[in-house]
Amino acid sequence: MAHTRTVDAPSSSGPEKTGAGNPWLTLLAVCLGVIMVMLDGTVVGIANPVIQADLGASLSDLQWVTSGYLLALAVFLITAGKLGDLFGHKRVFLIGVAGFAISSVGIGLSAQISDVIPGLSPVGALIGLRVLQGLFGALLQPAALALLRGAFPGEKLNQAMGAWGAIIGLSSAAGPIVGGVLVENVSWQSVFFINAPVGVIALLMGVLIIKENRAKSLARIDWGGVVLLSGAMFALVWTIIKAPEWGWGDGKTLGFLAGFAVLIAGFIFWQSRAKQPLVPLGLFKNPSISIGTVLMMMVAFAMFGAMFFLGFFFQGVHGLTPLEAGMRMLPMSAGMIVASPLAGMMIGKAGPKITMAVGLLITATSMFLMSRLSIDASFIESGIPFLLLAFGLSPVFVGATEIIVGNAPLELSGVAGGVQQSAMQVGGALGTAILGAVMAAEISSKLPGYLGPAAKAIPAEQMTLLEKAASFGGLPPGTPAQLKQMVGGAVHNAFMDGMHLAFLVSTGIAILTAVLALFVKAGRKTEGAPVHVG
């Protein structure tokens, strides 16, 4: 029989709090730190085609620019949340902000760094620094959510999360524009350098404004849990990233999946017996936390997996400049400025169940419209589904975040923030890998048909190169004009078929997730209550 452990609630004085502290100023200071992460995620999509041309990166390299960051985040997020619970969320947040800004500058200098390290390519340096950036991002994000959880009373947490989403939406809206201007007029490196001044401001505000918050009752790190969970998360995300290359039925893929299963089973067993477990399993007895975690993972799968290819569509197929591509994504980011606080209000009035289910159906509609986009789609044709996506995703992100973090005991808010962020990153990694494999298979299937009789005369090796080119949305710079004229149209059409299928899969996932959202219960706030683990 599994033993039952109890994580005692803090004393009546509550978690330890020191510093100036003001809920809304805390929100602003926290958002300045998270803005760096949001800007970085937005501008990387805009910069990818330019990075590919400048550094000669392959599609696999570019996926690693994203996946390496996701891998570091996914492996370290929950542990980082626990560190905040133990040593103070303000302290961990400020370390994350400083490290994220410094590693961002390093990414911009990756070519210079590779020059002084023998055998290291610029792409290798860039990917390595993105992994480091992910580790600091893992420190920053759960701490940010925990600071908000501690700063706002339960009845105002919906409003705080809505305002938080609006500020994040504003940074997302600025990201494509700022990124497009910088990539087009300065360099791709400058989109990373911009994190430096934002980081400095976030550090200054954080030191002066944020109130420290950590639980007095938690005094140790569950190192056994850290090792088992980190190993399990690494095995899972590594499998997701490499499976498209290895094949889902390959022995290496199955071996890593088996390793994940063994490690996660060992982690669950260990947590049921640890005196102060890394992740008290009793958290997931609250259905809102459990279902919210699954919702966050599935919506991230649909969103990040499908959105990965839009930068290549706008620049490679549609022929837009980086700035023009950023403008095309503006309706979604700008829409979140309105949609996020509205979502917080609706969740407060109608509850999370209906609000999130409706949001997911709107998301499914948006994804379906994107699956109908044509090569020469106008701003209006692409803008309408992007705007719908803002009003579809906002209720899910605000609602799932609130029910995961808001229903956790205050002394475990860092761990809950880590769970929420881990679900998002694992879902995003799954979406990028699986939808990337779906898209690649569709391109491979459809490209010969678009090439017509000429396909039979193309050697297999060259056909593989054309399929890879189609995954980028077009032939690489320097391709002879005659060859572009011969196969360019076929490459674009095959890319469109692959992208359409990816969005259709995302549509189905959004509909299934909407059904799951109907099982969410608001749940009572568990602040001050013990967490039983067994």
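**A working chat on a predicted model**

Student: Where is isoleucine 107 found?
Tutor: Isoleucine 107 lies in helix 3, which covers residues 89-108. Please keep in mind that this is a predicted model.

Student: Is isoleucine 107 buried or exposed?
Tutor: Isoleucine 107 counts as buried, because its relative accessibility is 0%.

Student: Which residues is isoleucine 107 in contact with, leaving aside its neighbours within four places in sequence?
Tutor: With those neighbours left aside, isoleucine 107 is in contact with Leu126, Leu129, Arg130, Gln133, Trp188 and Phe192.

Student: How many residues apart in sequence are isoleucine 107 and arginine 130?
Tutor: They are 23 residues apart in sequence, and in space their C-alpha atoms are 7.0 Å apart.

Student: Changing topic to the core: which residues touch the most other members of the largest nonpolar core?
Tutor: Phe93, Phe313 and Phe495 do, in a core of 150 residues. Helix 1 (residues 23-55) supplies the largest share of this core, with 15 residues.

Student: And what is phenylalanine 313 in contact with, neighbours within four places in sequence aside?
Tutor: Phenylalanine 313 is in contact with His318, Leu373, Ser374, Ile375, Phe495, Met496 and Met499.

Student: Now the charged pairs. How many salt bridges does the structure hold?
Tutor: The structure holds 3 salt bridges. In one of them, lysine 252 pairs with aspartate 250, and the closest N and O atoms are 3.3 Å apart.

Student: Why do lysine 252 and aspartate 250 count as partly exposed?
Tutor: Lysine 252 has a relative accessibility of 44%, and aspartate 250 has 25%.

Student: Which residue forms a salt bridge with glutamate 442?
Tutor: Lysine 446 does, with the closest N and O atoms 3.0 Å apart. Glutamate 442 counts as buried at 17% relative accessibility, whereas lysine 446, at 33%, counts as partly exposed.

Student: What about lysine 446 and aspartate 497: how far apart are the closest N and O atoms?
Tutor: In that salt bridge the closest N and O atoms are 3.8 Å apart. The pair links distant parts of the chain, since lysine 446 belongs to helix 17 and aspartate 497 to helix 19 (residues 481-517), 51 residues apart. Aspartate 497 counts as buried, at 16% relative accessibility. Through shared partners, salt bridges join Glu442, Lys446 and Asp497 into one network.

Student: Over to helix 14. What should its 21 residues span?
Tutor: At 1.5 Å a residue, helix 14 (residues 330-350) should span 30 Å, and its end C-alpha atoms are 29 Å apart, which agrees.

Student: Where does the kink in helix 14 lie?
Tutor: The kink, of about 35 degrees, lies at isoleucine 337, shortly before proline 341.

Student: Which residues of helix 14 are buried?
Tutor: Among them are Pro331, Met332, Ser333, Gly335 and Met336, and also Ala339, Ser340, Ala343, Gly344 and Ile347.

Student: And just after helix 14, which residue takes a positive phi?
Tutor: Glycine 351 does, with a phi of about 90 degrees.

How values were computed. Residues are numbered from 1 along each chain as its sequence is written. This is a predicted model: local features need pLDDT of at least 70, side-chain atom pairs count only at pLDDT 80 or more; totals for chains, interfaces and linings use all residues. Side-chain values use heavy atoms; hydrogens and water are left out. A salt bridge is a side-chain nitrogen of Lys or Arg within 4 Å of a carboxyl oxygen of Asp or Glu. Buried means under 20% relative accessible area, exposed over 50%, partly exposed in between (1.4 Å probe, protein chains only). Helices (H or I, at least four residues) and strands (E, at least two) are DSSP runs, numbered from the N terminus. The expected span of a helix is 1.5 Å times one less than its number of residues. The bend at a residue is the angle between axes fitted to the seven residues ending there and the seven starting there. A nonpolar core is a set of buried Ala, Val, Leu, Ile, Met, Phe, Trp, Tyr and Cys residues joined through side-chain atoms within 4.5 Å. Contact means heavy atoms within 4.5 Å.
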